[in-house]
Amino acid sequence: MYQQMIFVNLATDDVAASKRFFTELGYTINPQFSTDDCACVVISDTIVAMLLGRQRYADFTKKEIADSTKTSEVLICLSAESREKVDELVGKAVAAGGTANDDVQDHGYMYGRSFDDLDGHSWEVMWMDPAAVQG
């Protein structure tokens, strides 16, 4: 069965700094698809973040590139295995230079937090109790 993938393309001001940031979060960089102006961050077997220098990003769109420190262009939400893993990933992001957002979502069966990466892209991390989904 074909396993569809998602490639999230994001503009970055500093590809090298973004590589370090996401490596510190525990993700790997695929060197086969990375260059000086592009980092291929492997989130999972089916999720990849392509961090493109602004000039390279502009090769793929005719639209103005958003300043993600001022404008929300996308909310990226990643699942986590547990509440503790949510806190762990956000903690790693802050330690690596990201910014934690203060809005904790705690609904008992669902728990989430978010952070902004070095370029201001918003990443949500969410855990949901599997028993609540099976209803």
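## A pair between helix and strand

In this predicted model, Asp 106 is partly exposed, with a relative accessibility of 44%. Asp 106 forms a salt bridge with Arg 83, and the closest N and O atoms of the two are 2.7 Å apart. Because Arg 83 belongs to helix α3 (residues 83–95) whereas Asp 106 belongs to strand β6 (residues 99–106), the pair ties together parts that are 23 residues apart in sequence. Arg 83 is likewise partly exposed, at 27% relative accessibility.

## Other salt bridges

The structure holds 7 salt bridges. One of them lies within helix α3, where Glu 88 and Lys 85, being 3 residues apart, are separated by about one helical turn, and where their side chains meet at 3.6 Å, N to O. Glu 88 has a relative accessible area of 36% and is partly exposed, and Lys 85, at 35%, is partly exposed too. Through salt bridges that share partners, Lys 85, Glu 88 and Lys 92 are joined into one network.

Another salt bridge links Asp 59 with Arg 56, with 2.9 Å between the closest N and O atoms. Asp 59 is exposed, with a relative accessible area of 54%, while Arg 56 is partly exposed at 31%.

## Cysteines

The structure holds 0 disulfides. For Cys 38, the nearest cysteine sulfur is that of Cys 40, 6.8 Å away, whereas a disulfide requires two cysteine sulfur atoms within 2.5 Å. Cys 38 counts as buried at 8% relative accessibility, but Cys 77 is partly exposed, with a relative accessible area of 44%.

Key: Residues are numbered from 1 along each chain as its sequence is written. This is a predicted model: local features need pLDDT of at least 70, side-chain atom pairs count only at pLDDT 80 or more; totals for chains, interfaces and linings use all residues. Side-chain values use heavy atoms; hydrogens and water are left out. Buried means under 20% relative accessible area, exposed over 50%, partly exposed in between (1.4 Å probe, protein chains only). A salt bridge is a side-chain nitrogen of Lys or Arg within 4 Å of a carboxyl oxygen of Asp or Glu. Helices (H or I, at least four residues) and strands (E, at least two) are DSSP runs, numbered from the N terminus.
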